[in-house]
Amino acid sequence: MKTIKADLIRKRKRRIKNRLQNSAAHDRGHPMLKGDKIAYELAQKAGGTAYGGVAAIHRFAKKIGLPKRIDDALHLFKIHRPYHESDHVLNLAYNALCGGTCLEDIELRRNDESFLDSIGAERIPDPTTAGDFCRRFDPYHINRLQDAFDQVRLDIWQQQDNAFFDQATIEMDGTIVETTGQCKEGMDISYKGIWGYHPLVITLAETGEALRLVNRSGNRPSQEGAAEQADTAISLCRQAGFRRIVLRGDTAFTQTIHLDRWHRAGVKFTFGMKAYPGLVDIAENVQIDAWKQLPRSPKYAPNTPDRDRPENVKEQIVQLRGYPNKRLTSEWVTEVPYSPTDCKETYRLVILCKELEVTKQGRLFDDCLYFFYLTNEAGDVLSTNDVVYASNDRCDQEYILAQLNQCRALHAPVDNLESNWAYMVMTALSWNLKAWIGLSVPINGRWREQHKQEGRAVIRMEFKQFVEQFVRLPAQIVRSGRQLVVRLLSWSESLHVFNRWVRFALE
């Protein structure tokens with residue numbers, strides 16, 4: 001498979017730019033969207049696929065040793081007739097990368113001859129066989145599969161520059177996976193009144209990778225099993241050589257019984273604390289002069305001149321109908337030493353006070369809300385304000401959960417807790433592959449900084465955008481001699497990054 005020449009990419013880009021400029025030069029006298037005579041024919045000698053990027057992704061998976069790691073870790077079949085364990089795992093991951101939203105979508109790829117040629121397969125497992133494969137898993141095998149992913153992850157991390165190992169921020173969160181079935185074993189009703197499962201997701205904030213995923217019954221608390229999975233992630237990051245390891249989580253994950261142990265091990269943490277009455281008493285007894293106003297920087301710096309703000313329609317409706325309205329007026333922050341229950345060490349308790357103005361057809365009263373953050377970070381490393389900002393950065397965890405939903409990793413199409421757990425882990429591989437591709441984009445030459453930014457952009461891409469830019473590339477599939485030629489038929493704005501990454505994958 002040959003890579004795309006850079007001059008062809010530039011010519012295609014220039015041709016599209018000229019076409020757009022010429023089309024706006026004069027009044028055409030008729031709508032831009034017009035129809036011509038068309039005829040549909042079925043190609044006889046050449047085939048095509050809408051997913052031209054899959055061939056490169058499969059080649060990349062083989063280059064990083066993913067299929068071999070999976071087959072070495074999993075032994076679910078006594079005889080391989082005809083599929084190996086890696087065939088099933090990659091089948092589910094590629095289904096998600098090709099926009100599949102359910103197991104039945106595998107049948108579309110199964111009957112796409114050009115897609116099969118792209119990955120060098122005579123056939124792939126059908127949806128029923130894929131579901132049966134998920135049912136073969138128990139917790140031991142699922143953890144073995146995640147360990148195999150970790151071995152691949154370590155190899156990719158070792159290729160990064162020295163700055164990559166400055167810090168590893170491990171995020172912990174739980175999310176509800178709703179189910180509509182009535183016979184799925186292990187599901188239960190959550191605190192939100194939703195039937196389903198409650199998986200725990202451990203991620204690495206710097207790359208967005210899902211380090212660990214554990215499926216649980218819908219009525220289990222968010223923090224259940226989180227400490228054990230955090231210890232596994234810490235061990236992985238230590239093995240990789242990260243110089244600083246930081247744990248972050250919301251109020252549910254502040255497990256005081258483990259804090260001293262993590263602190264003694266040199267692990268830093270920043271957790272939210274629930275506003276217990278005792279903590280509120282502490283906040284209300286802080287001296288007035290100890291509070292400092294918390295500055296907030298704008299979300300982004302606009303490149304265009306300031307424009308008049310449009311009228312706030314929601315605010316008008318709330319005022320017109322006399323609804324109670326709470327508006328944030330200012331934020332104040334302070335910190336005090338604090339030793340939680342079950343802890344012998346004393347840590348920093350950062351207190352954020354949000355002052356609110358409550359109105360209802362006129363001003364009623366002022367109110368305040370307290371938020372608490374517990375950390376063992378030194379003050380010269382993380383200031384009081386920075387503790388609040390770092391905790392707010394956990395919003396990225398919600399983004400990652402949304403992306404895992406988008407690639408259908410947080411869904412439950414099989415019939416019990418463990419088989420759905422296996423499905424989640426295998427489908428989440430599609431999201432991790434995106435991060436690994438971003439980390440593997442070559443960085444060299446005088447364009448080093450630009451290449452680094454482009455790789456970071458791939459890591460930060462939404463899953464849907466990644467599929468459009470790197471996977472859903474219409475292509476003609478031609479078998480020539482002993483090689484497969486993937487002839488791309490369209491241009492995308494990330495094609496130059498795709499081309500550099502393909503060169504790495506083909507080395």
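Colleague: In the hairpin of strand 14 and strand 15, which residue takes a positive phi?

Modeller: This is a predicted model. In that hairpin glycine 481 takes a positive phi, near 65°, and there are two residues between the strands.

Colleague: How many bridges join strand 14 to strand 15?

Modeller: Six bridges join strand 14 to strand 15 (residues 483-488), and the two run antiparallel. As one example of the pairing, serine 480 has glutamine 483 in strand 15 as its bridge partner.

Colleague: And how many bridges join strand 14 to strand 1?

Modeller: Three bridges join strand 1, residues 47-49, to strand 14, residues 475-480, and these strands run antiparallel. Threonine 49 has alanine 475 in strand 14 as its bridge partner.

Colleague: Let us turn to charges. How many salt bridges does a search of the whole structure find?

Modeller: The search finds 24 salt bridges. One of them is formed by arginine 69 and aspartate 155, whose closest N and O atoms are 2.9 Å apart.

Colleague: Which parts does that pair tie together?

Modeller: Arginine 69 lies in helix 3 (residues 66-73) and aspartate 155 in helix 8 (residues 139-157), so the pair ties together parts that are 86 residues apart in sequence.

Colleague: What does lysine 452 form a salt bridge with?

Modeller: Its partner is aspartate 161, and the closest N and O atoms are 3.4 Å apart. This pair links distant parts of the chain, 291 residues apart: lysine 452 is in helix 16 (residues 448-460), while aspartate 161 is in the loop between helix 8 and strand 2 (168-174). Lysine 452 counts as partly exposed at 31% relative accessibility, and aspartate 161 is partly exposed with a relative accessible area of 31%.

Colleague: What about glutamate 468: how far apart are the closest N and O atoms in its salt bridge with arginine 472?

Modeller: They are 2.4 Å apart. Glutamate 468 is partly exposed, with a relative accessible area of 35%, and arginine 472 is partly exposed as well, with 28%.

Colleague: Which residues are linked in a network of salt bridges?

Modeller: Asp147, Asp150, Arg153, Glu209 and Arg212 are linked in such a network.

Colleague: Back to helix 3. At what angle do helix 3 and helix 4 pack?

Modeller: The angle is about 125°, and the axes of helix 3 and helix 4 (residues 85-97) are 8 Å apart. That angle makes helix 3 oblique to helix 4. The crossing of the two is right-handed.

Colleague: Which residues make the contact?

Modeller: Helix 3 contributes Leu66, Pro67, Ile70 and Asp71, and helix 4 contributes Glu85, Ser86, Val89 and Leu90.

Colleague: A last topic: where does valine 358 lie, and is that residue buried or exposed?

Modeller: Valine 358 lies in strand 12, residues 347-359. With a relative accessibility of 4%, valine 358 counts as buried.

Colleague: How many Å apart in space are valine 358 and threonine 232?

Modeller: They are 46 Å apart, C-alpha to C-alpha, and 126 residues apart in sequence.

Methods: Residues numbered from 1 in each chain as written. Predicted model: local features only at pLDDT ≥ 70, side-chain atom pairs only at ≥ 80, totals over all residues. Heavy atoms only, no water. Pairing = 2+ DSSP bridges. Helix = DSSP H or I, 4+ residues; strand = E, 2+ residues; numbered from the N terminus. Salt bridge = Lys/Arg side-chain N within 4 Å of Asp/Glu carboxyl O. Buried < 20%, exposed > 50% of the residue type's maximum accessible area, 1.4 Å probe, protein only. Axes fitted to C-alpha atoms, helices over the stretch in contact; angles between N-to-C directions. Parallel < 35°, antiparallel > 145°, perpendicular 65-115°, else oblique. Left-handed = near helix turned anticlockwise from the far one by under 90°. Contact = heavy atoms within 4.5 Å.
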